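User: Here is a structure to go through with you. Please keep the answers brisk.

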Amino acid sequence: MRKGIVDFWRVGLWRRWQLGPFLLLAASGMSAQAEAPAPKPISFSHQVRPILSDKCFKCHGPDAENNESEFRLDSFENATADLGGYAGIVPGNPKASRLIETIHSNDPEDVMPPPKAKMTLSDEQKAILSQWIKEGAKYEKHWAFTELPESVPVPESKHPSAHTPVDHFIARTLTDHKLSPAPAASRELWLRRVSFDLTGLPPSLAEIDAFLTDESPQAYEKQVDRLFASPAYAERMATEWLDVARYSDSYGYQIDRHRVVWQWRDWVIRAFQGNQPYKDFITHQLAGDLIQGATQESKLATAFNRLHGQKAEGGSVPEEFRQAYIADRVNTVGTAFLGLTMECTKCHDHKYDPLTQKDYFSMAAFFSNIDEFGLYPYMHGDTIPTPSLALNKPGQEKQIAAHKAQIVRVEREYGSLVFSSTDQVLKPVISQNYSKEKDGGRALNGDHAIRLDYPQEKTRRQQPMTASLGLLVTEKYERAYIYGQSQATLDAGYRGITMMVEDGKVTVKVAHFYPGNAIEVVSREVLPTKRWIDLTMSYDGSSRAEGVRLYLDGKPMPTEVRYDTLTNKIDPNKGFKHVVIGAVMRDKGLKGAKLKSFQLYEAALDPSQVQALHAGAPVMQGNGQIVAKQEQLQAARKKLYDLQDSIPRIMTMRETAGEPVKTHILNRGEYNQPSEEVQPAMPEIIKDFVVLKQQNNSAANGASARRQNRLDFARSITHPDHPLTARVAVNRYWQMFFGTGIVSSSEDFGNQGAVPSHPELLDWLARDFVNSDWNLHHLIKRIVLSHTYRQSSQLAVLSTTEQGILNEQDPENRWLSHYPAEPLTAEMLRDNALATGGLLSRRVGGSPVRPYDLAHSFKRGGTSKGEGLYRRSLYTFWQVNGPSPLMLTLDAAKRQVCAVKREQTTTPLQSLVLLNSPQFIEAARITAGNVLAVFDAAPQRIEQVVRLTTGRRPSEKETQVLVDLYEDQLSYFQQHPEEAVEFLKTGSKVADPKLPPAELAAMANTVLTLFNYDKTLIKH
């Protein structure tokens, strides 16, 4: 340590920097000598920033509050600040820069990274930093946070067979490294490759033969157009999107009940089939309910935001999980559309990217403003978490309108009648008097409820009713249950009718599922304490908040409406036939209160009747004309309600109709530690040029003067110049075709993400995509019609010199000198087997199915029958805690969270599944049977099954090996006929009895072998 340096440098910066290493490994061809000049100017974005981000920002980055030191390297101003006569970086002078001194130090107390980090810097890394400082230590905005260029010139190249501009970008990189593109793959291989990539299915032999004979210049493009037109294309694209959307057919967590959301999956299929512009695809899923003239389809799309796991276990805190759902939406949108690791900012400012905790919760405010409860009902499994959308069939909207018109007419007629009573007393269906008990009433302890019998079928939302209680309340309760016709509050989603005290005020809920499908009315005044009162509530059966009234001592109580969204049944589970008073399951009761009396009427008493009830006088029934009209009205409402209850619903987004839901920064991300309130806003790093710049953005037309919503958010991120959305999208689709994105970290475009292998190509593709009106077909054609995509995947086609360069400089084939062969996905492997055998069902859409392997999953269930066993894997029932074992073994995503890239593994279990799964055995024997029925000689049979499984004809060597295998198997099964018969029983399809069992079993095993063959498993 130099003399004269203040302790702040040692203690405040270096000694405190114990948790994070200092510098990142970065590619450079520079000399190993630290101060050697670079042949080219150092790129801050591609060489320096990765070092600082990966090794420095953890302790010296944007997260100032949680840094290990006050010294920061995330900006020029911070890095060059005067620290008392010295600076970490002195532009133009590496020797005067304390940073350079410490990375070259041999003193274990001084050297960076510190020994405890167990990392060292290479000479090349040190040279990069030294040269960068020598050149002026210029900082640049991270490449992913810069506006998308208005245009990107296509470079000139000497590509021998360029088909699209993509090839010129690739050729320039190859030329820089003394490489050339590989020759094109055969037509059969290209067609098989593109068929799997665009449809997830193999081409048929007829399609292959037609392509081989098409000599037109448009032959390749015609094949792509044919594939686009196939429903299988939409299914393939939807399969990829289900991973992104964390789609599942169950709620997850411990109970993991089934849920019905497949209608959203079918919307995705329709969107891809219609080639919906990608910007609209985004907008509809984020904010389809807010689009002007929103349709059922656009509202359905917003189920995307609700596909996270949801909780139902008793004892859970609703607010904790409501916040978890909001966080999931923020994280999913950040990953899927922006390539940002937003989850890193929930508890503190981002350690690597310029994202703050306030950015996180400001973004969360876009996705929290809905009538949502943190738990779905533990009881009432048919209840859809709110907000929800009724999925009307054609004609049902007209039926609903007609029923509503009828109700309005009868209500008008009823309202014109003047109430008059008869001499007949209206009797309550329940009447209890506890006034003769000790102290004038029944003591309530808050734990044990008074349960009074009441037929379950009476709790219908068309049934008018009035409940009146004589109460003595001893305190101002924060929360206490008074009375209800429901089994529970939280655990039942408040299904039924409940009256409670909350913050001293009376609240009445008439609910299917609170709050998004419910009525809630609240008294404006606090409930009186320490005196006997008569508390009365009436509900008129209208499913409207105006039909709920509160009375105190016979007089109307002023009330306010919190929710008025009831659209479905309120009756509890079958078998529940009680009115519950004073306490309820797993909620707080009226501890210390007393109950003197209780009456329940099956009528909505009018004010004069309520006054009579309070006065202890008989409640007289209305005249016959009034009673008749009430019955007519109740019957008209029942017709509407029965129709509404018959219509399936799905979770969607719907802005709350009342005051916006408040969003707060949560201290350390804890749900119960709210601090500063925030408003919806884009992250600072990308909002400046986006929100107010777009002419057709509602933010530019007044949104800045009002609270912004999800539609503003969606329009902002689909602005033509947005730095992230188009780049992230084209990168993910590039990854779909080449296995790895131009940015290999497709989930992270931030400072910790990978540097683009072809940055100009990424920007050109993104701008071209935007200019095409976000046309996915246009983008895909640019890629799959290129020579880069058509290339052979065989490294052997390259020269020995080129192979040496690749082995040394590009072992991962990031420069794409040849096509990167990738394994088929789990869905492709299964669907390919079904298609090969002619078993695959081509029906599109519908409810999920259960193939054979789900009988053995962690969450076991029955299997489907008939067609359900042979539907595409896209439709396999996806249980979060017990997904398809076959799919998981073959590397399908678990879908618990948003996933934009699947992990690839190679394990013996995969071969075990492919050789022994009933699905593959059955497909193999059906394939074998089809071949045996047509071809007699073994070589012809082998050629056919090779064509069916690999899309090409076998070589002589392959034919001989497979013929030998077949004959060996045939000999075995001829000697063990009982094993052949048993083997052929696998699966639901019955083997053709006309075929010799030994031959069929032998050929089936040969097909199974081909299902495990490299040329079948790999997309060459």
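User: How many of the 11 residues of helix 27 (residues 826–836) are buried, and why is the helix called largely enclosed?
Analyst: This is a predicted model, where local features need pLDDT of at least 70, side-chain atom pairs count only at pLDDT 80 or more, and totals for chains, interfaces and linings use all residues. Residues are numbered from 1 along each chain as its sequence is written, and side-chain values use heavy atoms, with hydrogens and water left out. Buried means under 20% relative accessible area, exposed over 50%, partly exposed in between (1.4 Å probe, protein chains only); helices (H or I, at least four residues) and strands (E, at least two) are DSSP runs, numbered from the N terminus. Helix 27 is largely enclosed by the rest of the structure because its buried residues number 10 of the 11.

User: Which residue just after helix 27 takes a positive phi?
Analyst: Within helix 27, the buried residues include Glu 827, Arg 830 and Asp 831. Just after helix 27, a positive phi of about 75 degrees is taken by Gly 838.

User: What kind of aromatic pair do Tyr 789 and Tyr 819 form?
Analyst: Rings of Phe, Tyr and Trp (its six-membered ring) pair if their centres lie within 6.5 Å; planes under 30 degrees apart count as stacked, over 60 as edge-to-face and the rest as tilted. Tyr 819 is buried at 0% relative accessibility. The ring centres of Tyr 789 and Tyr 819 are 5.6 Å apart and the planes are at 85 degrees, so the pair is edge-to-face.

User: How many residues apart in sequence are the parts that Phe 738 and Tyr 819 tie together?
Analyst: A search of the whole structure finds 41 aromatic pairs. In the pair Phe 738 and Tyr 819, the centres are 5.9 Å apart and the planes at 50 degrees, so the pair is tilted. Phe 738 lies in helix 22 (residues 725–738) and Tyr 819 in the loop between helix 26 (800–809) and strand 21 (822–823), so the parts tied together are separated by 81 residues.

User: What is the bridge partner of Val 508 in strand 10?
Analyst: Strand 9 (residues 505–513) pairs with strand 10 (residues 517–526) in the antiparallel sense, over 7 bridges. In strand 10, Val 508 has as its bridge partner Val 521.

User: Which ring does Arg 871 lie over?
Analyst: A charge sits over a ring if NZ of Lys or CZ of Arg is within 6 Å of the ring centre and within 35 degrees of the ring normal. Arg 850 lies over the face of Phe 877, at 4.4 Å from the ring centre. Arg 871, at 4.0 Å from the ring centre, lies over the face of Tyr 875.

User: Which helices each supply at least two residues of the lining of the largest cavity?
Analyst: On a 1 Å grid over the protein atoms alone, a cavity is a set of points where a 1.4 Å probe fits but cannot get out; lining residues have an atom within 4 Å of a point. The lining of the largest cavity includes Phe 272, Tyr 278 and Phe 281. At least two lining residues each come from helix 12 (262–273) and helix 13 (278–287).

User: What share of the 1020 residues of the protein chain count as buried?
Analyst: The protein chain has 35 helices and 22 strands. Its C-alpha trace spans about 110 × 95 × 50 Å along the principal axes. Of the 1020 residues, the share that count as buried is 58%.

Methods:
Pairing = 2+ DSSP bridges. 1 Å grid on protein atoms, 1.4 Å probe; cavity = no way out; pocket = protein on both sides within 12 Å on 5 of 7 lines; lining within 4 Å.
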